[in-house]
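Subject: The structure I promised you

Hi there,

Have a look through it first, and then read my notes below.

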Amino acid sequence: MLSPSLLAVTGDREPGELLWGAPSWIVPAAVIVAVLAILVVWNYSHRVTVGSVRLLAGVLKMAAILLLAVCLLQPLRSGTRPRAHANVLPVLIDNSQSMRLKPAGSDQARGDRIAELFGDDESWWVRLAQTFDVRNYSFDARLEAIDDPVELPLDGYVSSLTGSLQNLAERFVERPVGGVLLFTDGNMTDAPPADFDWSQLGFPIYAVLPEQEEEVRDLRIAGVSTTQTDFESAPLTVRVAVDAVAMGKTEAVVQIRDATNNQVIEEKSIAVDASGKAKEVRFQFRPDSSGVQFYSVNVFRESDRQAMEQINRSGQRPGDASGEQGRQRGTESVPSDATDLSNDSDEATLVNNRRLVAVNRAIGPYRVLYVAGRPNWEFKFIRRALQEDAEVQLVGLLRIANKEPKFSFRDRGVNETNPLFAGLGADAEDAAAQYDEPVILRLGVKESEELSDGFPESAEELFGYHGVILDDIDPEFFSPDQLLLLRQFVATRGGGLLMLGGQEMFADKRFADTPLGELAPFYSAAGATRGRSGAFQLEFTREGMLQPWIRLRDNEAAERNRIAEMPSFTTLNSIGDAKPGASTLATVQTDDGQTSPALVAHRFGKGRSAAIPLGDLWRWSMHRNDRNRDDPAQAWRQITHWLVNEVPKRVEVRVESGQDPSQPVTIIASARDESYLPLDNANVELEITPIGGKPFPVVARPDDRNAGEYQATYWSRQPGGYRVTAKVTAGDGSPVGTATAGWSAQSDAAEFRDLQLNRKLLETMTKQSGGEIVREDRLEQFANDLPDKKVPVTEAWVYPIWHHPWVMMTAMLFLCCEWGLRRWKGLA
């Protein structure tokens with residue numbers, strides 16, 4: 001035993017320093033060594049043998065004597081060790097469903113193998129518990145303390161590894177942590193940013209991994225993306241990326257279904273190989289209706305078709321409204337239908353073979369105001385084309401006569417009304433235009449008072465439309481206030497404006513010096529007053545060919561053939577260059593060989609505007625080559641949809657969700673008044689409807705940061721599709737409008753996105769944090785070595801060198817060697 005005085009001295013020593021426990025024995029030990037040395041020298045000096053043998057034997061005996069003499073001084077060595085149970089050692093075990101997967105060629109799941117490591121007869125576990133304050137935790141959607149690591153249910157629907165480690169760092173911010181022992185496959189659903197530094201956690205991570213690499217047989221959907229266009233023949237494109245691991249070369253079926261009625265829309269077959277590269281499959285189709293639509297994408301081998309049919313049928317399971325409301329309020333619960341990984345397929349699971357997609361297709365009605373300076377063929381064909389579109393309502397305002405000056409000082413019998421209305425009878429007197437007013441015809445109005453005074457003069461009236469088309473109209477038709485209102489309609493309200501050519505349009509300074517010239521996507525041509533005649537053949541630019549609302553065919557070759565067959569146009573307005581930021585989408589070649597813009601578009605404020613300086617587009621409708629396909633009508637519908645599809649409505653709702661399925665989605669409703677200014681005192685009622693389930697209300701509260709916005713959070717942990725409807729009323733109780741959006745909740749898709757062991761991530765995590773990868777078969781060695789690693793709380797201690805067995809064994813070895821040498825050489 002060491003004396004207290006010696007222990008006090010060792011507290012000030014550096015680790016590894018040599019100390020002497022009995023320095024008072026130096027003189028006696030020296031005397032003993034000297035006496036024995038004399039005896040050894042005298043003894044070997046009288047031996048008759050080779051001198052080198054006598055010298056070697058003497059050295060061996062003296063080495064043994066010196067080693068034993070040093071032990072009389074009690075040599076000690078100072079050091080540090082972890083203070084018993086002062087350092088916390090959290091053990092973190094993955095409780096997600098992916099731990100129930102079985103690697104290829106194994107009958108044991110990952111979670112079962114980890115449970116075996118915590119058996120009662122595992123000494124490494126006992127060794128760690130003797131030195132550290134071991135805390136057991138499991139994690140899936142959240143971090144949870146557990147008593148027995150062996151009894152985990154492995155039913156978590158997500159793997160919030162990053163959040164759980166950060167939670168541990170927050171819990172033990174005031175406690176010393178010797179490290180975190182981590183048991184997981186590394187496939188997290190809350191991936192941190194790419195530049196995340198794991199050392200900021202403040203403790204080393206020791207990830208326990210299998211001895212050998214393992215593969216999981218899997219055919220999966222790697223990703224799904226959707227694109228909506230104004231290309232009428234293919235408005236919805238769904239791209240599906242498919243890859244396979246450890247499946248070899250096989251044939252797969254990629255299928256898309258209507259998730260509401262489970263009807264197959266289309267399916268395609270692809271060949272999947274072992275290259276590891278994802279194969280992309282593209283579906284293009286036109287949905288039957290607008291609004292929120294849900295589609296399920298499936299990939300499977302033909303042998304698994306029946307199993308996928310069952311999964312699709314179960315995917316239409318009605319949601320539990322009461323349970324969802326509880327989760328919306330923030331209470332925790334596990335989905336009632338934890339994913340069953342058992343199947344007859346040789347794949348590890350079929351859960352990631354299905355993906356649900358929510359598509360929010362804009363729904364009308366959109367109202368478009370068409371204003372023409374004179375009756376023409378263009379309105380006839382536009383109106384006929386839009387009659388086939390249930391989402392667009394066209395309202396026409398046609399000027400059939402200009403205002404005329406009245407001269408009545410010589411003729412007392414001159415009427416106050418325009419002669420065009422003479423003879424129409426007394427019923428028409430109230431509607432008869434005065435001499436100093438243009439004669440305007442209204443078509444397609446919803447009520448008798450709509451546009452009764454001509455072009456709108458107030459924001460409330462004009463802002464009721466989503467788009468405005470101006471055709472062959474001179475700027476003098478509008479009052480200065482109406483021109484400013486039209487500018488406000490595009491810039492502030494976010495409306496769409498389309499200007500069509502004609503003899504009264506784009507005319508020099510009359511056009512350029514008004515807000516119409518500011519709204520136009522090009523500069524006015526100097527000195528141009530009227531349109532010019534000729535034969536102009538339309539051509540699309542490369543940028544125009546890339547715009548889906550411009551194209552009418554599904555490939556470039558067919559599109560160019562269609563353009564070549566279009567008739568020539570004869571009237572073109574002279575315009576200048578496109579403004580910065582504007583896109584020239586189509587051009588025509590003039591008689592002098594110059595190229596002139598024929599379709600130019602740009603953004604203006606919150607809205608957009610476009611101009612077509614051709615004055616006789618109606619020739620295309622009259623002279624189309626294919627009588628079975630009305631290309632001009634399709635073009636007008638696509639242009640009109642482009643004009644209005646991004647125009648904001650008074651009520652809009654959107655759903656924002658992150659990559660982590662364990663976090664709630666945010667539902668944001670926007671409300672505007674009749675002038676499209678934020679409406680702050682509105683009442684917003686949200687109603688959420690799961691696919692096949694019952695609707696239930698959710699409370700939306702005003703957003704303190706953004707005027708006119710109302711938010712609600714919702715935990716959609718039950719996999720499936722959800723539709724939300726926002727109903728907004730003003731503070732006085734008057735209705736403002738409704739809007740609908742949808743989203744898909746797929747915690748299972750996120751959990752089973754990757755099935756292979758993510759060794760690369762775990763290596764990065766352990767390296768940055770100062771830990772290491774620990775093999776399962778070396779846990780015993782790890783438990784012995786961990787106390788010698790750097791830990792926060794240590795204590796100084798000294799240990800006697802002379803108590804170690806190697807000291808005595810070395811002395812005995814020297815003596816035995818000396819005795820053996822004497823026997824060998826006959827030194828009696």
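Pro365 sits in the loop between strand E14 (354–361) and strand E15 (366–372); helices (H or I, at least four residues) and strands (E, at least two) are DSSP runs, numbered from the N terminus. The peptide bond that leads from Gly364 into Pro365 is cis, with omega near 5°.

Before you go further, please keep in mind that this is a predicted model, in which local features need pLDDT of at least 70 and side-chain atom pairs count only at pLDDT 80 or more, while totals for chains, interfaces and linings use all residues. Residues are numbered from 1 along each chain as its sequence is written, and side-chain values use heavy atoms, with hydrogens and water left out.

Now the overall picture. The protein chain has 21 helices and 37 strands. Of its 828 residues, 50% count as buried; buried means under 20% relative accessible area, exposed over 50%, and partly exposed in between (1.4 Å probe, protein chains only). The accessible surface of the chain comes to about 40,300 Å², and 50% of that belongs to carbon and sulfur atoms. These areas come from the Shrake-Rupley method with a 1.4 Å probe, and for residues only the protein chains shown count as cover. A contact means heavy atoms within 4.5 Å. Among contacts between residues at least 6 apart in sequence, 75% join residues at least 24 apart.

Gly79 counts as buried because its relative accessible area is 14%.

Next, the salt bridges. A salt bridge here is a side-chain nitrogen of Lys or Arg within 4 Å of a carboxyl oxygen of Asp or Glu, and by this rule the count comes to 37. Here are some to look up:

- Arg775 and Glu211 meet at 3.3 Å, N to O. They link distant parts of the chain, with Arg775 in strand E36 (residues 772–775) and Glu211 in the loop between strand E7 (205–209) and strand E8 (218–228), 564 residues apart. Arg775 is partly exposed at 27% relative accessibility, and Glu211 is partly exposed at 46%.
- Arg637 pairs with Glu232, their closest N and O atoms being 2.6 Å apart. Arg637 belongs to helix H17 (residues 631–644) and Glu232 to the loop between E8 and strand E9 (236–245), 405 residues apart. Both Arg637 and Glu232 are buried.
- Arg374 pairs with Asp472, with 2.4 Å between the closest N and O atoms. Arg374 is in the loop between E15 and helix H9 (377–386), while Asp472 is in the loop between strand E18 (467–471) and helix H11 (480–491), 98 residues apart. Arg374 is partly exposed, at 26%, whereas Asp472 is buried, at 8%.

There is also a network: salt bridges with shared partners join Arg110, Arg113, Asp185, Glu214 and Glu776.

Patches are made of residues with over 30% relative accessible area and no salt bridge, where like charges are joined within 9 Å and nonpolar side chains (Val, Leu, Ile, Met, Phe, Trp, Tyr) within 5 Å. A nonpolar one of about 670 Å² includes Trp25, Val27, Val31 and Leu72. Leu72 lies in the loop between helix H3 (51–71) and strand E2 (75–82) and is partly exposed, at 32%. The other patch carries negative charge, and among its members are Glu447, Glu457 and Asp481. Glu457 is in the loop between strand E17 (439–443) and helix H10 (459–462), and it counts as exposed because its relative accessibility is 63%. For charges, Lys and Arg count as positive and Asp and Glu as negative, leaving out His and the chain ends; each charge is placed at NZ of Lys, CZ of Arg, CG of Asp or CD of Glu.

Finally, a backbone detail. Leu451 is not a glycine, yet its phi is positive, near 55°. Leu451 lies in the loop between E17 and H10 and is buried, at 1% relative accessibility.

Enjoy exploring!

Best wishes
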